[in-house]
Number of protein chains: 2
Amino acid sequence: MPPGGLEKITSAEVAKRAGVSQSAVSRVFTPGASASPEMTQRVRRAADELGYRPNILARSLITGRSRIIGLVISYLENNFYPEVLEKLSAALQQRGYHVLVFMAPQSIDNIDHVVQEILDYQVDGIVTASVAMSSDLAMRCRAAGIPVVLFNRAQDDPRLSAVESDNRSGGAALARFLLAGGHSRFGYIAGWEGASTQRDREAGFVDVLAQSGITLHARAVGNFRHDEAAEAARTMFTGPDRPDAVFVANDHMAFAVMDVLRFELGLRIPEDVSVVGFDDVPMAAWPSYNLTTVRQSAEAMVTQTVDILIDHIEQDDSAPRRATVPAPLIQRGSARLPDNGSNPYDT
Amino acid sequence: MPPGGLEKITSAEVAKRAGVSQSAVSRVFTPGASASPEMTQRVRRAADELGYRPNILARSLITGRSRIIGLVISYLENNFYPEVLEKLSAALQQRGYHVLVFMAPQSIDNIDHVVQEILDYQVDGIVTASVAMSSDLAMRCRAAGIPVVLFNRAQDDPRLSAVESDNRSGGAALARFLLAGGHSRFGYIAGWEGASTQRDREAGFVDVLAQSGITLHARAVGNFRHDEAAEAARTMFTGPDRPDAVFVANDHMAFAVMDVLRFELGLRIPEDVSVVGFDDVPMAAWPSYNLTTVRQSAEAMVTQTVDILIDHIEQDDSAPRRATVPAPLIQRGSARLPDNGSNPYDT
DNA sequence: GACCCCATTGCAATCGTATGCACGATTTCC
DNA sequence: GGAAATCGTGCATACGATTGCAATGGGGTC
């Protein structure tokens with residue numbers, strides 16, 4: 001034996017040791033296949049002694065399934081996404097799949113390039129978390145028989161499956177809550193304008209305001225980035241005619257806004273300004289921020305995503321599905337409350 | 001053509017269309033191989049028309065390299081790790097590798113099970129981020145010719161490569177800084193006792209204290225978890241004889257401790273208690289926490305990890321390496337300063 | 001013009017596994 | 001008890017690529 005120890009063990013070697021054919025070994029390790037108890041036992045024994053485990057790649061070559069799911073992801077600095085990654089990976093792992101990670105570059109046109117790379121790995125499915133993909137490329141995936149699920153991002157194309165939370169209702173609930181709290185000058189700090197989440201949250205918010213004949217008092221763009229949100233807050237809240245409530249398009253930016261208001265501008269939250277966010281990342285519950293927000297349940301979204309994805313993989317031709325998970329208002333201390341203290345407006 | 005569009009394209013089909021042999025197609029797509037300019041052109045043209053891209057899995061089967069790196073990871077709620085994942089994935093992507101993620105379960109004995117799964121995918125290398133792996137299994141990887149790099153975790157076995165930051169010096173620097181700041185009753189909130197990072201940070205800290213004849217005034221265990229750290233802080237700081245400075249083994253726990261001190265116990269930081277952490281995650285710089293801490297550079301650690309890993313993969317028999325990246329003190333506002341305001345103690 | 005060298009290309013084997021087919025042995029059923 | 005159905009197993013092939021080997025051909029040298 002060469003120095004370095006044992007080399008790769010193949011099914012043929014196990015077969016030889018067990019005194020059976022290579023096919024028999026394969027059958028023992030293939031769930032649906034038929035093998036007699038004694039055969040199974042002999043093969044397993046030989047396999048254990050040799051430390052044999054089937055080569056997934058070789059298996060994939062012939063079965064056409066790799067048990068790999070490609071995940072395209074981008075904003076890991078927003079705590080919502082690590083949570084998603086963790087839960088998604090764990091859920092898939094439990095069902096025998098694994099996640100191959102692709103970090104999406106900032107520039108949008110490169111996404112297609114990334115998806116190409118994913119396809120090279122013969123993945124069984126793709127999850128794109130909050131990144132755009134050209135319809136053209138989506139169709140190529142479909143053509144190649146590879147299901148795609150859009151996570152936290154809607155798309156006009158009804159042929160694509162998508163999972164998102166109810167961003168519009170969430171935005172609306174926040175508006176109702178702030179109205180009930182007696183606010184009158186509303187600011188909005190937007191995420192990246194190309195995102196459907198951004199669009200829907202804002203739409204829900206301004207629609208409800210409009211029903212009371214109110215328009216946004218101020219609006220700025222934070223692009224879902226911490227530093228840009230801080231900058232947006234500075235310009236929005238400098239000067240006397242500032243909002244008395246601000247909806248920040250996600251929690252990650254809301255933290256930046258709160259810090260600027262408190263530590264740079266000396267404003268009190270919620271006495272001087274109410275701040276609300278969206279996502280309910282764990283940090284939102286920490287006392288330093290204690291942020292009133294809307295819960296986007298990573299758990300529920302991941303469950304839906306996995307269900308849809310596995311369904312598409314294992315059913316030949318299941319129709320595209322879109323799931324919207326509820327997004328309840330989570331009432332904390334960063335926004336003034338309605339007089340009666342409760343909130344009947346989250347519907 | 002069946003409904004659903006084009007099926008998978010193989011090199012043989014490209015060959016037919018270009019009027020050349022299948023080997024020729026392979027050579028055009030294999031970097032080192034020889035092919036005439038006109039051949040290359042014809043093949044590329046045919047490939048583009050058909051939308052052909054080589055099947056990485058099939059290639060892996062014969063070359064023995066999958067260009068997949070297995071990453072075992074666990075504590076994604078600590079912001080340091082998403083940062084690592086992002087940088088690691090990006091760095092590997094740039095060098096033509098991709099990351100297959102394996103979430104490690106809490107129980108330690110299951111880790112080996114996870115690594116087995118990884119091996120099934122014929123990965124070219126493994127990075128284990130802050131999780132233990134039995135020496136036995138590490139040797140099996142070595143035997144299989146699969147390099148392993150321990151990230152943020154040391155191990156006695158000198159045959160394993162490892163990357164970590166200088167935890168000991170970091171802990172020592174914090175002790176010197178707090179001593180210079182005039183503190184006298186030192187608390188320590190530990191991470192998970194099985195972790196080398198925990199051990200080394202504490203050792204550096206208490207060693208320096210010992211040089212001044214001081215021992216820990218209080219000690220509690222937070223297991224690197226936010227909620228457990230909060231609980232530890234409650235017990236440590238309830239009662240009159242509380243520490244006037246506390247070193248929390250990482251930033252993630254330090255945030256919990258600060259919140260408890262301020263919002264539950266009404267203590268001022270740093271006037272009543274100084275708090276220092278370890279990692280310098282982005283949030284540590286946010287005004288709400290403004291945490292004095294030690295920087296553990298994800299950037300530098302990832303660079304080292306990738307260098308070592310690729311080296312092991314591409315050089316047949318490169319010796320195990322261990323890298324320690326510097327861990328400088330980052331002075332912010334959560335700890336009282338030495339009288340002269342500067343800090344000459346970070347050496 | 002004979003020779004050699006090198007670049008280019010095709011043929012065929014190979015990687016490790018799954019699986020259709022054929023065949024023998026066993027069981028089931030009427 | 002014989003036919004049919006069922007089960008277990010091995011043989012051989014296929015998956016989609018890489019690569020050693022040999023054949024071809026063109027160019028350079030004397």
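This is a predicted model: local features need pLDDT of at least 70, side-chain atom pairs count only at pLDDT 80 or more; totals for chains, interfaces and linings use all residues.
**View 1. Salt bridge between A:Arg225 and A:Asp227.** The closest N and O atoms of this pair lie 3.6 Å apart. A:Arg225 has a relative accessible area of 34% and is partly exposed. A:Asp227 is also partly exposed, at 45%. A search of the whole structure, over all chains, gives 38 salt bridges.

**View 2. Salt bridge between B:Arg225 and B:Asp227.** In chain B, the closest N and O atoms of B:Asp227 and B:Arg225 are separated by 3.6 Å. The relative accessibility of B:Asp227 is 46%, and the residue counts as partly exposed. B:Arg225 is partly exposed as well, with a relative accessible area of 35%.

**View 3. Salt-bridge network in chain A.** A:Glu77, A:Arg225, A:Asp227 and A:Glu228 belong to one network, joined by salt bridges that share partners. One of the salt bridges in chain A is that of A:Arg225 with A:Asp227.

**View 4. Salt bridge between B:Arg199 and B:Asp200.** The closest N and O atoms of B:Arg199 and B:Asp200 are 3.5 Å apart. B:Arg199 has a relative accessibility of 47% and counts as partly exposed. B:Asp200 has a relative accessibility of 16%; this value is under 20%, so B:Asp200 counts as buried.

Definitions and conventions. Residues are numbered from 1 along each chain as its sequence is written. Chains are lettered from A and ligands numbered from 1 in the order in which they are written. Side-chain values use heavy atoms; hydrogens and water are left out. A salt bridge is a side-chain nitrogen of Lys or Arg within 4 Å of a carboxyl oxygen of Asp or Glu. Buried means under 20% relative accessible area, exposed over 50%, partly exposed in between (1.4 Å probe, protein chains only).
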